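Work through the exercises below with the structure in view. Try each task before reading its solution.

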Amino acid sequence: MTAPGTPWVRHAAIIAGFLACLAGAQVLVDAYRPLVNDEADVPFSVAAVVVRSFVGQVRGLLADFLWLRVDEYQHRRRIVGGDLLRSDDEALMPLVRLITWLNPHFVDAYALGGQWLAFHFDRPIEATAFYEEGIQNNPQSFDLLNGAAWVYWRFRHDYPTAAKRAAEAARVAPDDIHKFQALWLEAHILASAGDTSGAIRVWRQVGQIPGYERTAEVWIARLEGSRTSRP
Amino acid sequence: MISSVVAVVARQVLQEAGRRRTLPVLVLFGCGVILSSAFLSFFQLGVEVKFFKDVAMTVIFLFGTTSTLILVSTQLSGEIESRTIYNVLSKPIRRWELVVGKFVGAVAAIALCVAPMVAILAFFIYTDRGGSILEAVKASYLLWLAFAVLSAIALGIASFSTSIVAASLSVLVFVVSYLKGAVTTYVALVSRSPATAYLGQALYYLLPNFENFNVRTAVVHDRIVPWAYLGRTTLYALVLVAFFLYLGAQIFEEREF
């Protein structure tokens with residue numbers, strides 16, 4: 001005869017067993033999860049975690065559709081009083097921020113956001129912070145490294161960091177044209193910083209790119225001329 | 001024989017799914033959305049294929065989830081509400097066989113619903129050279145596992161509630177599974193108590209984690225989903241399914257009609 005309460009003990013034991021198996025299976029899955037989750041290393045803010053949790057598995061799609069909206073705003077800005085309507089510009093940034101929360105590998109959103117913060121809103125510190133976040137999440141992105149180098153150079157006058165980012169952009173450049181752009185930028189940054197020898201060294205690298213030999217020669221001659229004419 | 005009884009119930013669920021028209025209409029609608037997204041051309045080369053894969057996987061997820069909830073939440077409770085359960089239980093069938101049969105039939109019907117959408121996805125990946133078809137199939141398989149787990153949860157809840165309550169509570173479990181990430185992060189930030197931190201960890205390990213079945217970003221960005229991950233996630237799904245079917249069967253056994 002079964003003692004009173006025994007079936008409940010049995011059920012409780014089975015449920016506890018299931019829960020232990022569930023936790024064990026989750027541990028097994030977690031060991032491989034980073035391999036299929038390219039967002040595993042992204043340090044999300046609390047706000048980003050909340051937003052991402054609420055939209056669940058549709059976050060990638062939502063980011064894509066928000067980008068369509070950004071594209072529409074960007075290309076159809078209204079002109080009032082002979083100038084672009086500033087509220088249209090301002091509407092872009094929250095969308096861009098949301099996109100990067102939903103998909104931290106959305107390089108175009110980081111590139112556009114950094115550029116707009118610097119060039120349209122005159123907020124270079126925020127722009128470089130935004131670029132740096134994008135670079136941290138996408139270290140091989142030419143657009144972000146190159147864009148950050150521009151802002152460090154022209155807005156923040158932080159020549160060492162600008163040159164470092166431009167050199168990194170040259171390293172990850174997808175083709176010769178992009179490599180030339182990055183090296184051109186690095187050479188100009190170094191020249192602005194007064195490092196003529198460094199600039200000449202970079203122009204020599206440009207000279208090794210097929211089709212850019214003549215450009216490199218002209219710039220090297222100009223830089224060497226300025227060095228010899230200096231008292 | 002046990003397996004034949006389960007198979008009979010499963011076949012009946014499949015036939016009913018086709019007869020009710022709701023699922024075929026959902027499948028047609030999903031296929032239409034995927035097909036129309038394949039012809040979007042306002043993205044630059046490369047981005048377009050990624051966008052298509054993202055849309056297709058999301059459509060499979062959304063329509064699969066909807067089909068699962070519609071199909072499963074009306075299985076047990078629908079039989080009870082329409083009183084056909086008396087006819088069924090008067091036959092030589094045990095209650096747990098009915099629960100398992102309903103589950104098997106439902107996951108088979110959902111696989112049939114999802115298959116045409118996966119086929120369209122695979123076709124366009126092939127024609128647009130948009131990456132590996134195998135990886136897309138693996139991701140779809142994981143989504144199907146998620147639907148199987150959701151089916152087990154919905155059946156478990158339907159064993160003691162009405163259809164609408166079963167569907168609503170299943171959605172709630174689904175949403176909570178995603179929100180727990182936010183909750184555990186928030187708890188870890190605001191609380192300095194170790195007990196709260198342990199509670200957050202316990203929530204993470206003991207509540208269903210549907211994010212395990214999401215490998216969409218890997219597929220969209222042409223990364224390989226390891227077979228070992230598939231195996232471990234299958235094991236995770238099996239444990240969850242067994243747990244909720246056990247709960248559902250036990251509650252249904254105790255229920256009086």
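**Exercise 1: a bent helix**

Task: find where helix 6 of chain B has a kink of about 30°.

Solution. The kink lies at Ala115(B), shortly before the proline Pro116(B). A bend is the angle between axes fitted to the seven residues ending at a residue and the seven starting there. Helices are DSSP runs (H or I, at least four residues), numbered from the N terminus. This is a predicted model, where local features need pLDDT of at least 70, side-chain atom pairs count only at pLDDT 80 or more, and totals for chains, interfaces and linings use all residues. Residues are numbered from 1 along each chain as its sequence is written, with chains lettered from A and ligands numbered from 1 in the order in which they are written.

Next, take the span. Helix 6 of chain B covers residues 95-127, 33 residues. From first C-alpha to last it reaches 48 Å, close to the 48 Å expected (1.5 Å times one less than the number of residues). Just after this helix, Arg129(B) takes a positive phi of about 50°.

**Exercise 2: two helix pairs in chain A**

Task: state how helix 6 and helix 7 of chain A run relative to each other.

Solution. Start with the axes, lines fitted to C-alpha atoms over the stretch in contact, with angles from 0 to 180 degrees between N-to-C directions. Those of helix 6 (residues 124-137) and helix 7 (residues 142-154) of chain A come within 9 Å and cross at roughly 160°. The two helices are therefore roughly antiparallel (angles over 145 degrees). Residues in contact have C-beta atoms, placed from the backbone, within 7 Å. Among those that meet are Tyr131(A) in helix 6 and Ala148(A) in helix 7 of chain A.

Solution. The axes of helix 9 (residues 176-192) and helix 10 (residues 196-207) of chain A come within 7 Å and cross at roughly 165°. The contact includes Trp184(A) of helix 9 and Trp203(A) of helix 10 of chain A.

**Exercise 3: where the chains touch**

Task: how many residues does each chain bring to the contact?

Solution. Chain B gives 38 residues and chain A gives 27. On the chain B side, helices 3, 8, 9, 10 and 11 each supply at least two. Helix 11 of chain B gives the most, with twelve residues.

Technical notes:
Contact = placed C-beta atoms within 7 Å. Parallel < 35°, antiparallel > 145°, perpendicular 65-115°, else oblique.
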